[in-house]
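Student: I would like to go through this structure with you. Could we begin with the aromatic residues and then move on to the strands?

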Amino acid sequence: MKKKYPNHLLVCLALFLGMLSTKTSGQSFDQSVLDFNGLGDVSNGVTSMMFGPDGRLYVAEYPGQIKILTINRLSSTNYQVTDVEVLTGVSSIPNHDDDGTACSGGAFACNSRETTGLTVAGTSTNPVIYVTSSDFRIGAGPGGGNGDVNLDTNSGII
């Protein structure tokens, strides 16, 4: 008795065999340049970036600043920043020691947030930014590398 295969299996097999015999080629990309046009930079350790629904580029920097860049395309590989908005709401979140008292780690550590991620939702007229951050200090106890620096081990927030 001859075995019958369903038609959809035969079609899938034919497509698969056709793909095996098709020669593929690699994709090449051009390097682009972003000219900050004298409007600053993003040199504080970029941890995340995303274009928002409003077409602007949202950039999270390691110590907690969020920079929102309006970018103009001059050519296929040349872009220019035309405006920068800086949000400091994340970096102004107060850090605490693990016992709940005010941060005792010095001005920079106490006034910075370790910003690890960013995403932008909402609409073009009302973008909504979600940022993950935690206490900026590194080290927690004997195995933490820097000894116990009183960092708030429960400080991670969105």
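**Aromatic residues, cores and strands**

Tutor: Phenylalanine 136 counts as buried, because its relative accessibility is 13% (buried means under 20% relative accessible area, exposed over 50%, partly exposed in between, with a 1.4 Å probe and protein chains only). This is a predicted model, in which local features need pLDDT of at least 70 and side-chain atom pairs count only at pLDDT 80 or more, while totals for chains, interfaces and linings use all residues. Residues are numbered from 1 along each chain as its sequence is written, and side-chain values use heavy atoms, with hydrogens and water left out.

Student: How is the ring of phenylalanine 108 placed against that of phenylalanine 136?

Tutor: Their centres are 5.2 Å apart and their planes stand at 85°, so the pair is edge-to-face. Rings of Phe, Tyr and Trp (its six-membered ring) pair if their centres lie within 6.5 Å; planes under 30 degrees apart count as stacked, over 60 as edge-to-face and the rest as tilted. Phenylalanine 108 lies in helix H2 (residues 107-110) and phenylalanine 136 in the segment after E7, so the pair ties together parts 28 residues apart in sequence. Helices (H or I, at least four residues) and strands (E, at least two) are DSSP runs, numbered from the N terminus.

Student: Is phenylalanine 108 buried or exposed?

Tutor: Phenylalanine 108 is exposed, because its relative accessible area is 54%.

Student: How many aromatic pairs are there by this rule?

Tutor: The count comes to two. In the pair of tyrosine 62 and phenylalanine 136, the ring centres are 5.0 Å apart and the planes are at 50°, so the pair is tilted. Tyrosine 62 is in the loop between E3 and E4, 74 residues from phenylalanine 136. Tyr62, Phe108 and Phe136 form one aromatic cluster.

Student: And how accessible is tyrosine 62?

Tutor: Tyrosine 62 is partly exposed, with a relative accessible area of 25%.

Student: Which residues does glycine 45 contact, apart from its neighbours within four places in sequence?

Tutor: Glycine 45 is in contact with Ala60, Glu61 and Tyr62, where contact means heavy atoms within 4.5 Å. Glycine 45 sits in the loop between strand E1 (33-35) and strand E2 (46-51), and is partly exposed at a relative accessible area of 35%.

Student: Changing topic, which residues make up the largest nonpolar core?

Tutor: That core has eight residues: Tyr58, Ala60, Ile66, Ile68, Val90, Leu118, Val120 and Val131. A nonpolar core is a set of buried Ala, Val, Leu, Ile, Met, Phe, Trp, Tyr and Cys residues joined through side-chain atoms within 4.5 Å. Strand E3 (57-61), strand E4 (66-75) and strand E6 (113-122) each give two or more residues to this core. A second, separate core of five residues includes Phe36, Leu57, Val59 and Val81.

Student: How do E2 and E3 pair?

Tutor: They pair in the antiparallel sense over five bridges; two strands pair if DSSP finds at least two bridges between them. Methionine 50 has tyrosine 58 in E3 as its bridge partner. E2 and E3 form a hairpin with five residues between them, and glycine 55 in the turn has a positive phi of about 85°.
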